[in-house]
Amino acid sequence: MTMKTIALEQEINPWESQAARFDQAAKKLNLDEGLWKILRQPNREIIVHIPVMMDTGKMEVFTGFRVQHSIARGPAKGGVRYSPDVTLDEVRALASWMTWKCAVVNIPFGGAKGGIICDPKKMSQTELERLTRRYTAELVEFIGPEKDVPAPDLGTNEQTMAWMMDTYSMHMRQTVTAVVTGKPINMGGSRGRLEATGRGLMVVCDEALKKLNLNREETRVIVQGFGNVGSNAAKLMHEAGYRIIGVAEWDGALFNRNGIDVAALIEYRQRNHTFTGFPEAEPSTGAELLVTDCDILIPAATENQITTQNAANVKARILCEGANGPTTAAADDILQEKGVFVIPDILANAGGVTASYFEWVQDRQGYFWKESVVNEQLEHIMRSSFEDVVRFAETHGVNNRLAAYMLAIERVAFTIRQRGIYA
Ligand code: NAD
C-alpha cells in the first residue's frame, strides 16, 4: 500500500502519522532494532475515569489520559488537552512529538501529553475546577518536577495550571510550583511564556526568509487559528513588518491582500467575540485560505489541516507549523514535490516548551528573569535549532521534517545507549 492510496481515516490518525515519520527517520538513521522498538512505543499510558459532581447535582464520569512517551533525557514534559475529540491515539502521538520536540531544541526533557474527553465550552468554572483537581489527584504519583511536568494545551489555560499546582501541592504538604508550567506569573509562571510559541514561530520564519533571500516587508502571511499561538504569531509578525493577508478562525475568515491591521483585529474580536464584520478585510473561508497564494502559511489551530485532499493546492512557499500535526504524513510527499519549504511542528512551535523549560528552571531557582532575558534566550535556542535542522537536512539530503526527526531520534537514542538501558 503506497502513501497516496491510504484511506483518509488512516491518514488522519495522528499516531499513524507520527509512526510513519518515525519509521522513515529510523530507517534512514539505520537505528538498531532494539532502540527502534523502545522508541516506537510510549513508555507508560495511564487511563483514568474521573467522577465529577456537576452543578446540577448529577454525577458524571469523564475519561482522561496521561501518556509518557520517553523519560530518557529528563522528566517527561507536555500539555493537557480538554476536548470532546481527545483519543488515546491522539495523546500518544502528541506525547511522542514532545519527546522529539524537546530533543530538537536540546532541552533536558522527555515527552508526555495528557487529555480529558470533555467539552470545556459547555462546563462551568466550578465543574472544570473539580474535574482538574480530581484528574491531578489521580495522577499524583506519576507527575512531579522530576517526573512529568504538565502544561496547558487546547481547552486549558493558566487557571487550569493553577488548580493542578494547588492540588499537587496539597498532596505534597508544601507548595511545589515546578510541577506544572504555563502558570500565572504571580504563582511561579514565567514572563514571556504566553507569547513564546508565537515568538518562536516568528524567529524560525525570519531564519527561513534569510535562507530564501526574502524580506519581511514583501512577505505575505496567512494564519489559521487565532488562539494563543496564532494570534501571538500574527501580532508579533505584523509588528515586525510582515504583511498578514489572511486570518482564519472556526467561525469565519478574513482576507486583505494589502495586509490586515492585527492590533485592530484583536481589539475588534475582544469587543465582538468574533471576526465577522471586521470592516478592514473581506470575508473568506478557512478552507480557501489554506490554498490561497501567500509566502508563509501558518496552520495554528489543530491536527490534519493539510492532507492529500488539499496539499496539491497549497500555494505557500513556506509552511510554518504552529499547531502540532497540522500536516498528515501522506501530504508530506506532495509538499516536497511542490518544493514547499516546511518548518516542521517539532521545530517551529518549540518556543512554547522552551519557555516552559525556562519557567521550570526559574521555579527551581526561586529566581525570576526579566522578560527581555526570556526572549533573548528563547530566540537563541530557536535560531540555533533551526540552523541544526537545516544543516542536518542539507548534509543528509533529506527534507526538513525528516531531518528534525532524525536529529531528535539520534539525540534520544544516544542518551539511551549512554545510560545503558540494555543492561
Ligand atoms: P487555542 O485553543 O488557544 O487556539 C486554537 C484556536 O484555533 C482557537 O481559537 C480555535 O477556535 C481555532 N480553531 C480550531 N479549529 C479551527 C479550524 N478548523 N479553523 C480555524 N480555526 C480553528 O490553542 P493554542 O494553544 O493556540 O494551540 C493551537 C495549536 O498549537 C495546537 O495544535 C497546540 O497543540 C499547538 N501548540 C500550542 C502551544 C502553546 O504554547 N499554546 C505550543 C506548541 C504547540
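Which residues does Lys113 touch, not counting residues up to four places away in sequence? In this predicted model, Lys113 touches Phe65, Arg66, Val67, Gly78, Gly79, Val91, Leu94, Ala95, Met98, Asp153 and Asn324.

**Lys113 and its strand**

Lys113 belongs to strand S4. Its relative accessible area is 3%, and because buried means under 20%, Lys113 counts as buried. The side chain of Lys113 also makes a polar contact with the side chain of Asp153, at 3.3 Å.

**The sheet**

Strand S4 is part of an open sheet of five strands, arranged in the order S1-S2-S4-S3-S5 with mixed pairing. Strands S1 and S5 stand at the edges and have a single partner strand each, so one side of each is left without a neighbour in the sheet. On average, neighbouring strands of this sheet are turned by 20° against each other, direction ignored. Strands S3 and S4 run parallel and are joined by four bridges. Tyr82 stands opposite Ile116 in S4. Helix H5 lies across S1, S2, S3 and S4, and runs at about 140° to S1.

The table lists the residue ranges of some of these elements.

| Element | Residues |
|---|---|
| Strand S1 | 44-53 |
| Strand S2 | 59-70 |
| Strand S3 | 76-83 |
| Strand S4 | 111-117 |
| Strand S5 | 148-152 |
| Helix H5 | 125-138 |

**Helix H2**

Helix H2 covers residues 14-29. At 1.5 Å a residue, its 16 residues should span 22 Å; the end C-alpha atoms are 22 Å apart, which agrees with this expectation. At the start of H2, a side-chain oxygen of Asn13 reaches to within 2.8 Å of the backbone nitrogen of Trp15. Just after the helix, Asn30 takes a positive phi of about 60°.

The buried residues in H2 are Pro14, Trp15, Ser17, Gln18, Ala19, Arg21, Phe22, Ala25 and Ala26. Among the elements that cover them are helices H1, H3, H4, H11 and H15.

In soluble globular proteins, nonpolar side chains tend to be buried together. The largest nonpolar core here has 88 residues, and those with the most contacts inside it are Trp100, Met237, Tyr242, Ile296, Ile298, Cys320 and Ile343. Helix H15 supplies the largest share of this core, eleven residues. A second, separate core of 25 residues includes Ile46, Val48, Ile50 and Tyr82.

Leaving aside its neighbours within four places in sequence, Tyr242 is in contact with Met202, Cys205, Asp206, Leu209, Arg216, Thr219, Val221, Met237 and Ile296.

Technical notes. Residues are numbered from 1 along each chain as its sequence is written. This is a predicted model: local features need pLDDT of at least 70, side-chain atom pairs count only at pLDDT 80 or more; totals for chains, interfaces and linings use all residues. Side-chain values use heavy atoms; hydrogens and water are left out. Helices (H or I, at least four residues) and strands (E, at least two) are DSSP runs, numbered from the N terminus. The expected span of a helix is 1.5 Å times one less than its number of residues. Buried means under 20% relative accessible area, exposed over 50%, partly exposed in between (1.4 Å probe, protein chains only). Contact means heavy atoms within 4.5 Å. A polar contact is a pair of N or O atoms within 3.5 Å; within protein, one must be able to donate a hydrogen and the other to accept it, and residues adjacent in sequence count only if both atoms are side-chain atoms. Two strands pair if DSSP finds at least two bridges between them. Axes are lines fitted to C-alpha atoms, for helices over the stretch in contact, and angles run from 0 to 180 degrees between N-to-C directions. A nonpolar core is a set of buried Ala, Val, Leu, Ile, Met, Phe, Trp, Tyr and Cys residues joined through side-chain atoms within 4.5 Å.
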